[in-house]
Amino acid sequence: MSEFAELSLGDKRIQLPVITGTENEKAIDIAKLRDETGYITIDSGYKNTGATKSGITFLDGELGILRYRGYSIEELADKASFLEVAYLLIYGELPTAEQYAAFEKEIRTHTIVNEDMRKIFDGFPVNAHPMGVLSAMVCAMSAFYTGEKAGSDELNIIRLLAKMPTVATWSYKKSQGHPVNYPKNSLDYCSNFLQMMFALPVEEYKVNPVVSSALNKLLILHADHEQNCSTSTVRLVGSSHASLYASISAGINALSGPLHGGANQEVIEMLEAIKADGGDTDKFIAMAKDKNSGFRLMGFGHRVYKNFDPRAKIIKKAAYEVLASLGVQDPVLDIAKKLEEAALSDPYFVQRRLYPNVDFYSGIIYRALGIPTNMFTVMFAIGRLPGWIAQWKEMRVNKEPIGRPRQVYVGATPRDYVPMEQR
Ligand code: CMC
């Protein structure tokens with residue numbers, strides 16, 4: 001053992017191996033701790049707990065670095081297509097032209113959603129939240145692709161990537177009470193999504209390249225973020241050897257919460273509320289600082305980024321560019337800017353190192369692209385899908401054991417049952 005940590009517990013001293021990652025990240029390996037000492041560790045919210053060794057995404061929260069398989073997020077967002085990034089995350093390397101063409105073709109041929117599945121959409125109420133519908137439909141795929149139709153993991157990965165935009169747009173169409181649009185497989189991934197979202201029977205839908213390229217960038221920025229809440233959920237569910245669909249459906253549910261992916265919808269709703277209230281950002285900053293108000297500045301703060309979120313930096317710039325090139329004037333952009341400036345100079349936010357996160361500006365772009373607010377988190381889910389798949393695959397390929405944390409029991413000690421009439 002070259003490097004180790006020493007732990008003393010009473011008269012016992014044990015040595016715990018230190019693991020070093022390729023970016024020199026250090027971890028203390030406690031795998032034998034319980035066997036050797038009878039102790040476990042406790043770490044609420046897993047703030048200091050590494051759940052796995054992973055070769056997919058590296059991030060440094062102090063330096064604001066995010067890389068997928070070694071490639072910087074800035075470069076990928078600028079130069080790559082979303083499917084190229086999906087391939088990189090899932091298969092580990094950027095595709096050659098041939099590999100990319102084959103991958104894209106496979107995806108194009110699996111975009112159709114089974115007609116029996118389409119009927120399930122009819123059972124949802126008209127105002128159902130698209131995230132609930134999306135997770136239910138992805139889970140339903142585990143019922144459709146089973147037995148003879150199960151196919152290999154590789155096929156299910158393609159199916160899921162291909163059908164996700166179809167299911168996502170149909171969940172929105174249903175929430176509007178509109179008929180669904182079928183995929184047009186002559187279109188690329190982002191354009192096909194836009195066509196299914198926005199095409200109306202009355203006229204030919206023309207994809208605006210500014211919109212399609214902004215969408216491509218947004219999806220790349222969301223594509224993976226190592227062991228966050230939804231990804232950890234996907235890995236944990238998958239560790240029981242539940243199907244890919246069941247695991248991803250669980251991830252979608254985890255993402256829906258307002259502290260995670262649901263924040264992008266909450267940001268726009270917050271900015272709208274500030275606008276409707278007269279635009280006094282100081283009032284909302286004061287509320288966010290008051291622990292009794294129950295109000296948080298949505299789109300601020302991050303578990304790992306403590307100086308800036310590199311994705312937020314790219315998205316902020318893109319928000320201005322997209323609004324300018326589409327000629328959209330959005331008053332909430334001014335409010336967002338004012339709020340950001342006020343928060344960044346306020347000691348409460350400075351001391352706690354709370355900076356705008358990926359969700360702060362993404363909603364403003366989505367809105368400019370015509371995406372309705374209740375679809376924002378669905379957009380996050382479409383973007384995050386390749387990351388979830390890559391993490392699920394890595395966990396299975398590495399034959400990771402079933403996830404099963406322990407606990408420290410703090411409940412009642414043994415006592416006798418008391419019959420109901422005597423309680
Ligand atoms: N507004 C006001 N105060 C905040 C905020 C905020 N947005 N975020 C954190 N704080 C305070 C918090 O009250 C605590 O203060 P104190 O030390 O005095 O008790 C301190 O900052 C640390 O907060 P925490 O909740 O312990 O930090 P965490 O790492 O557990 O939570 C977070 C991270 C992202 C859940 C949290 O910052 C938050 O709720 N932000 C708003 C929701 C949001 O934007 N979420 C999207 C995250 S990025 C997309 C994604 O990957 O999911």
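I started in helix H12 (residues 263-276), where Lys 275 and Glu 272 both lie, three residues apart, about one turn of the helix. Helices here are DSSP runs of H or I with at least four residues, strands are E runs of at least two, and numbering goes from the N terminus. The model is a predicted one, in which local features need pLDDT of at least 70 and side-chain atom pairs count only at pLDDT 80 or more, while totals for chains, interfaces and linings use all residues. Residues are numbered from 1 along each chain as its sequence is written, and side-chain values use heavy atoms, with hydrogens and water left out.

**Entry: salt bridges**

I looked up the contact between Lys 275 and Glu 272 and found a salt bridge, with the closest N and O atoms 3.5 Å apart. The term stands for a side-chain nitrogen of Lys or Arg within 4 Å of a carboxyl oxygen of Asp or Glu. Lys 275 is partly exposed at 37% relative accessibility, and Glu 272 is partly exposed at 26%. I took buried as under 20% relative accessible area, exposed as over 50%, and partly exposed as in between, with a 1.4 Å probe and protein chains only.

In helix H14 (residues 310-326) I checked Lys 317 and Glu 321, which are four residues apart and so separated by about one helical turn. Their side chains meet in a salt bridge at 3.3 Å, N to O. Lys 317 is exposed, at 55% relative accessible area, whereas Glu 321 is partly exposed, at 42%.

Which residue forms a salt bridge with Arg 235? I found Glu 400, with the closest N and O atoms 2.8 Å apart. Arg 235 lies in helix H10 (residues 229-238) and Glu 400 in the segment after H18, so the pair ties together parts that are 165 residues apart in sequence. Arg 235 counts as buried, at 5% relative accessibility. My search of the whole structure gave 21 salt bridges.

**Entry: ligand**

I counted 22 residues around the ligand, the closest being His 260, Arg 296, Leu 297, Gly 299 and Arg 303. The shell divides into 10 nonpolar, six polar and six charged residues. In this division Ala, Val, Leu, Ile, Met, Phe, Trp, Tyr, Cys and Pro count as nonpolar, Asp, Glu, Lys and Arg as charged, and the others, Gly among them, as polar.

A backbone N or O atom of Gly 299 lies 2.8 Å from a ligand oxygen atom. A polar backbone atom of Phe 300 is 2.9 Å from a nitrogen atom of the ligand. From Arg 303, a polar side-chain atom lies 2.8 Å from an oxygen atom of the ligand. On its own the ligand has 930 Å² of accessible area, and the protein covers 79% of that. Accessible areas come from the Shrake-Rupley method with a 1.4 Å probe; for residues, only the protein chains shown count as cover.

I placed Val 408 in the segment after helix H18 (376-397). Val 408 is partly exposed, with a relative accessible area of 47%.

I placed Phe 124 in the loop between helix H5 (115-121) and helix H6 (130-144). Phe 124 is partly exposed, at 25% relative accessibility. Phe 124 and Gln 176 are 52 residues apart in sequence and 12 Å apart in space, C-alpha to C-alpha.

Terms used
A residue is near a molecule or strand if one of its heavy atoms lies within 4 Å of it. A polar contact is a pair of N or O atoms within 3.5 Å; within protein, one must be able to donate a hydrogen and the other to accept it, and residues adjacent in sequence count only if both atoms are side-chain atoms.
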